[in-house]
Amino acid sequence: MNNRDSILKQAKQWIIEAGELIKSEMHKPYKIDTKRDRKDLVTEIDQKTEQFFVDQISTKYPEHKILGEEGMGEEVHSLEGTVWIIDPIDGTMNFVHQQRFFAISIGIYHNGIGEIGLIYDVMSNVLYEGVRGEGAYKDGKQLDPIDPDKSLTDALVGLNNFWAIPNRRLNEKKIHDLVRKVKGTRSYGSAALEFAYIAEGIIDAYITMRLQPWDIAAGKIIVDEVGGITTRVDGSEIDMLTGNTVICSNKAIHESLMTFIQQKE
Ligand code: IPD
Ligand code: CA
Ligand code: CA
Ligand code: CA
């Protein structure tokens, strides 16, 4: 991608502007709908924010493709060329119920390779940034590589509620065993922020049985830059065009988690 620096600068400007848009809309009445079920929320503000990115990107970079959660972009069937993978509000449940702990997530891929990852914690006004080969940053300050020696028993592990929901869980007993094995668990309600927290070194792993490309796209790039690994739970590569199981952590914990999940009772 030859104009990566200028795209990065532009994307950072738009993500801050989109944050302002969300902040200016969130205290007025807005429509809330459900998608798959009553726990899967979407608001007018999710859609407006994604539309903001689609309008900006399609005007400035008409040849780029946009894969967004709310479907305001076009249908994307291949990662050829430059693709913006966007979650306009990651953590909509937090947004609606808590008015905080949500993020805007943008991953920019070129011919399938993650080049730029941005995760913006809107209410805290904190921007995480990763650029392939150039490191990961929190508000412009470079993040240290994550601890390669931290083990699963010493890890704080991000988990989510899907484990407990029939058809989405891996196995009830597994989750019990995992909770006993690790040092502690956390459930933040925003996948993007969980990736950012791994990059920052304030949690050590994230494991989930179902995420979409827009939940992962930016986070994977940022975590890669601090020496972390993100794959499906069987160790295969993440597919940025479809749903994935995910383990994200350092190499040691990643291996332990894969072994743990694959072990028979
Ligand atoms: C959700 C959040 C949540 C994760 C779900 C995602 P959304 O994204 O990241 O933490 O557990 O799997 O769908 O719907 O709020 O953008
Ligand atoms: Ca959603
Ligand atoms: Ca999401
Ligand atoms: Ca979302």
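Between which two domains does ligand 1 lie? In this predicted model, residues of the shell around ligand 1 come from both domain 1 (4–142) and domain 2 (152–262), so the ligand lies between them. The shell is formed by Glu69, Asp87, Asp90, Gly91, Thr92, Asn160, Gly189, Ser190, Ala191, Arg210, Leu211 and Asp215. Two or more of these residues are contributed by each of strand 4 (82–90) and strand 12 (205–211). By class, the shell around ligand 1 comprises five charged, five polar and two nonpolar residues.

Two of the shell residues, Ala191 and Asp215, also take part in the contact between helix 5 and helix 6. Helix 5 (residues 191–200) packs against helix 6 (residues 213–224) at an angle of about 5°, and their axes are 8 Å apart. The two helices are therefore roughly parallel to each other. Helix 5 contributes Ala191, Ala192, Phe195, Ala196, Ile198 and Ala199 to the contact, and helix 6 contributes Asp215, Ala218, Gly219, Ile222 and Val223. Nine nonpolar residues, one polar residue and one charged residue make up this contact.

Ala218 of helix 6 is also in contact with glycine 107, a residue of strand 5 (residues 103–110). Glycine 107 counts as buried because 29 C-beta neighbours lie inside 10 Å. Apart from neighbours within four places in sequence, the contacts of glycine 107 are Ile85, Gly114, Gly117, Ala217, Ala218 and Ile221. Between glycine 107 and tryptophan 214, the C-alpha to C-alpha distance is 7.6 Å, while the separation in sequence is 107 residues.

Key
Residues numbered from 1 in each chain as written. Chains lettered and ligands numbered in written order. Predicted model: local features only at pLDDT ≥ 70, side-chain atom pairs only at ≥ 80, totals over all residues. Near = placed C-beta within 6 Å. Helix = DSSP H or I, 4+ residues; strand = E, 2+ residues; numbered from the N terminus. Nonpolar A, V, L, I, M, F, W, Y, C, P; charged D, E, K, R; others polar. Domains from an automatic or database assignment. Axes fitted to C-alpha atoms, helices over the stretch in contact; angles between N-to-C directions. Parallel < 35°, antiparallel > 145°, perpendicular 65-115°, else oblique. Contact = placed C-beta atoms within 7 Å. Buried ≥ 20, exposed ≤ 12 C-beta atoms within 10 Å, placed from the backbone.
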